[in-house]
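Here is a short briefing to read alongside the model. Keep the viewer open and follow the residues as they come up.

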Amino acid sequence: DDGLLLENINGELLIGGDFDLTNSYQRNNGYAINLATNEILPWDPDPNNIITDIEFDKDGEKVFVAGGFSSIGGQPSAQFAALDPLIGIADSTWDLDISGAVRDIAIHPRTDGVYLVGIFTSVAGQNREYLAGLDKDANLLPLSMDFDSDIRSLAFIDTMMFIAGDFENIDGKPRYKIASIFPSGQLREWA
């Protein structure tokens, strides 16, 4: 069994991974505990497969998860979902019909935009190869770039996005496995 941890600002620890039972509570692949009391909390998204990434929006109002699931939080939702932080119910607004695996999620620190990377070629019926951005209301951003291979991870440092993966070229420019991108979709030139 594998676990993934994330601490909430409210002293709660959300745990996702590949497991099916925790401390005599029935939980499949996701649960939460209160760090002060060690009490199992009601958050129970019950995905039908592994959770591989967990991120909170900056206000703690939504929990974004990625994984190998096709249903989570009581809704059909493949690869990615937005969940209620209290009990884990999925918000169907965020059911995006992603064509492949989401490997990593990052939240823009100022706009609360949600960015996804992975092995996919479309999101919400639109061409988005390996990288997609969404605003805080689940609307697809115009971010669209040409990668020669997939992206494994992303992170923000201030408002600058950094990505790493198997690519060697982005929009026809050499970038060997790591790149810095403005959230608008323009490559940052390396010094």
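Does Ala-155 count as buried, partly exposed or exposed? At 37% relative accessibility, Ala-155 counts as partly exposed; buried means under 20% relative accessible area, exposed over 50%, and partly exposed in between, with a 1.4 Å probe and protein chains only. Please bear in mind that this is a predicted model, in which local features need pLDDT of at least 70 and side-chain atom pairs count only at pLDDT 80 or more, while totals for chains, interfaces and linings use all residues. Residues are numbered from 1 along each chain as its sequence is written, and side-chain values use heavy atoms, with hydrogens and water left out.

**Around Ala-155**

- Ala-155 sits in strand E14; strands (E, at least two residues) and helices (H or I, at least four) are DSSP runs, numbered from the N terminus.
- Leaving aside neighbours within four places in sequence, Ala-155 is in contact (heavy atoms within 4.5 Å) with Ala-106, Met-160, Met-161 and Phe-162.
- Ala-106 is 49 residues from Ala-155 along the chain, and their C-alpha atoms are separated by 5.9 Å.

**The chain as a whole**

- The chain has 18 strands and zero helices.
- Its radius of gyration is 17 Å, close to the 16 Å that the globule rule gives for 191 residues, so the chain is as compact as a globular protein of that length. That radius is taken over C-alpha atoms, and the rule is 2.2 Å times the number of residues to the power 0.38.
- Along its principal axes, the C-alpha trace spans about 55 × 30 × 30 Å.
- Of the 191 residues, 48% count as buried.
- The accessible surface comes to about 9,200 Å², and 47% of it belongs to carbon and sulfur atoms; areas come from the Shrake-Rupley method with a 1.4 Å probe, and for residues only the protein chains shown count as cover.
- Among contacts between residues at least 6 apart in sequence, 31% join residues at least 24 apart.

**Nonpolar cores**

- The largest nonpolar core has 18 residues, of which Leu-131, Met-145, Phe-147, Ile-151, Ile-163 and Ile-170 touch the most other members. Such a core is a set of buried Ala, Val, Leu, Ile, Met, Phe, Trp, Tyr and Cys residues joined through side-chain atoms within 4.5 Å.
- Two or more residues of this core come from each of strand E10 (114-119), strand E14 (151-157), strand E15 (160-165) and strand E18 (178-181).
- E14 gives the largest share of this core, three residues.
- Another core lies apart from it, with 17 residues, including Leu-96, Val-102, Ala-132 and Ala-138.
- Not counting residues up to four places away in sequence, Ile-170 touches Met-145, Asp-146, Phe-147, Ile-163, Arg-175, Ala-179 and Leu-187.
- In soluble globular proteins, nonpolar side chains tend to be buried together.

- Strand E2 (residues 12-18) is mostly covered, with six of its seven residues buried.
- E2 and strand E3 (residues 30-34) run antiparallel and are joined by five bridges; two strands pair if DSSP finds at least two bridges between them.
- Glu-12 has Asn-34 in E3 as its bridge partner.
- There are six aromatic pairs in the structure. Rings of Phe, Tyr and Trp (its six-membered ring) pair if their centres lie within 6.5 Å; planes under 30 degrees apart count as stacked, over 60 as edge-to-face and the rest as tilted.
- The ring centres of Phe-19 and Tyr-31 are 5.6 Å apart with planes at 85 degrees, so this pair is edge-to-face.
- Phe-19 lies in the loop between E2 and E3 and Tyr-31 in strand E3, so the pair ties together parts that are twelve residues apart in sequence.
- Phe-19 is buried at a relative accessible area of 10%, and Tyr-31 is buried at 12%.
- Phe-64, Phe-80 and Trp-94 form one aromatic cluster.

**Loop residues worth a look**

- Asp-112, in the loop between strand E9 (101-107) and E10, has a positive phi of about 65 degrees although it is not a glycine. Asp-112 counts as buried at 7% relative accessibility.
- Ala-124, in the loop between strand E11 (122-123) and strand E12 (126-127), has a positive phi of about 55 degrees and is not a glycine either. Ala-124 is partly exposed, with a relative accessible area of 41%.
- Ala-36 lies in the loop between E3 and strand E4 (51-56) and is exposed, with a relative accessible area of 74%.
- Ala-36 and Asn-49 are 13 residues apart in sequence and 29 Å apart in space, C-alpha to C-alpha.
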